[in-house]
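Subject: Structure for your review

Dear colleague,

Please find below the structure that I am handing over to you.

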Amino acid sequence: MVKRKCVGCGEIKDRAEMLKITKNNADGKIVIEPDCKIFGRSAYFCYNKNCQELALKKNKLNRALKTSEDLKGLLDGREY
Ligand SMILES: [Zn+2]
């Protein structure tokens, strides 16, 4: 099983239990749950609102992806 670390709570979990968010190398766009054709810098967090908020706090997720895009706007309104 592939394990990933949550950028929110810091827990290490199975990849399947996490939301993946990737900055596409090709065009620099941020993609949530990218398909296998997209490669780039990725970050993961648990499927819940709390970890989403923790990940957005202090720009953790932005730093992990090295982007200045508005990730909050992108993730707001997601259902978990
Ligand atoms: Zn988490």
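**Overall form**

The chain has a radius of gyration of 12 Å, which agrees with the value near 12 Å for a compact globule of 80 residues; the radius is taken over C-alpha atoms, and the globule rule is 2.2 Å times the number of residues to the power 0.38. Please note that this is a predicted model, in which local features need pLDDT of at least 70 and side-chain atom pairs count only at pLDDT 80 or more, while totals for chains, interfaces and linings use all residues. Residues are numbered from 1 along each chain as its sequence is written.

Along its principal axes, the C-alpha trace spans about 30 × 30 × 20 Å. The secondary structure comprises three helices and five strands, where helices (H or I, at least four residues) and strands (E, at least two) are DSSP runs numbered from the N terminus. Their order from the N terminus is β-β-β-β-β-α-α-α.

Buried residues account for 26% of the 80 residues. A residue is called buried if 20 or more other C-beta atoms lie within 10 Å of its own, exposed if 12 or fewer do, and partly exposed in between, with C-beta atoms placed from the backbone. Of the contacts with a separation of 6 or more, 49% join residues 24 or more positions apart; a contact requires C-beta atoms, placed from the backbone, to lie within 7 Å.

**The sheet**

Three strands form an open sheet in the order S4-S3-S5, with antiparallel pairing. The edge strands are S4 (30-32) and S5 (40-46), each of which pairs on one side only. Neighbouring strands of this sheet are turned by 20° against each other on average, direction ignored; the axes are lines fitted to C-alpha atoms, for helices over the stretch in contact, and angles run from 0 to 180 degrees between N-to-C directions. Two strands are taken to pair if DSSP finds at least two bridges between them.

Strand S3 (residues 18-24) is joined to S5 by seven bridges, and the two run antiparallel. On its other pairing, S3 meets S4 in the antiparallel sense over three bridges, with Thr 22 partnered by Val 31 of S4. S3 and S4 form a hairpin with five residues between them, and Gly 28 in the turn has a positive phi of about 75°. Five of the seven residues of S3 are buried, so this strand is largely enclosed by the rest of the structure.

Ile 32 lies in strand S4 and is exposed, because 12 other C-beta atoms are within 10 Å. Ile 32 and Ile 21 are 11 residues apart in sequence, yet 4.5 Å apart in space, C-alpha to C-alpha. Not counting residues up to four places away in sequence, Ile 32 touches Leu 19, Ile 21 and Leu 74.

The largest nonpolar core has 16 residues, of which Cys 6, Val 7, Tyr 44, Phe 45 and Leu 61 touch the most other members. Such a core is a set of buried Ala, Val, Leu, Ile, Met, Phe, Trp, Tyr and Cys residues joined through C-beta atoms within 7 Å. The elements giving two or more residues to this core are S3, S5, helix H1 (49-56) and helix H2 (60-65). S5 supplies the largest share, four residues. Leaving aside its neighbours within four places in sequence, Phe 45 is in contact with Cys 6, Val 7, Gly 8, Met 18, Leu 19, Cys 51, Gln 52 and Ala 55.

In H1, Cys 51, Gln 52, Ala 55 and Leu 56 are buried. Seen down the axis of H1, its buried residues fall within an arc of 135°, so they line one face of the helix; the arc is that of the directions from the helix axis to the C-beta atoms. The cover over these buried residues includes S5, H2 and helix H3 (71-75).

**Positive phi in the loops**

Glu 33, in the loop between S4 and S5, has a positive phi of about 45° although it is not a glycine. Glu 33 counts as exposed, because it has 9 C-beta neighbours inside 10 Å. Lys 58 is placed in the loop between H1 and H2, and its phi is near 55°, a positive value in a residue other than glycine. Lys 58 also counts as exposed, with 9 C-beta neighbours inside 10 Å.

Yours sincerely

Terms used: Two residues are in contact if their C-beta atoms, placed from the backbone, lie within 7 Å.
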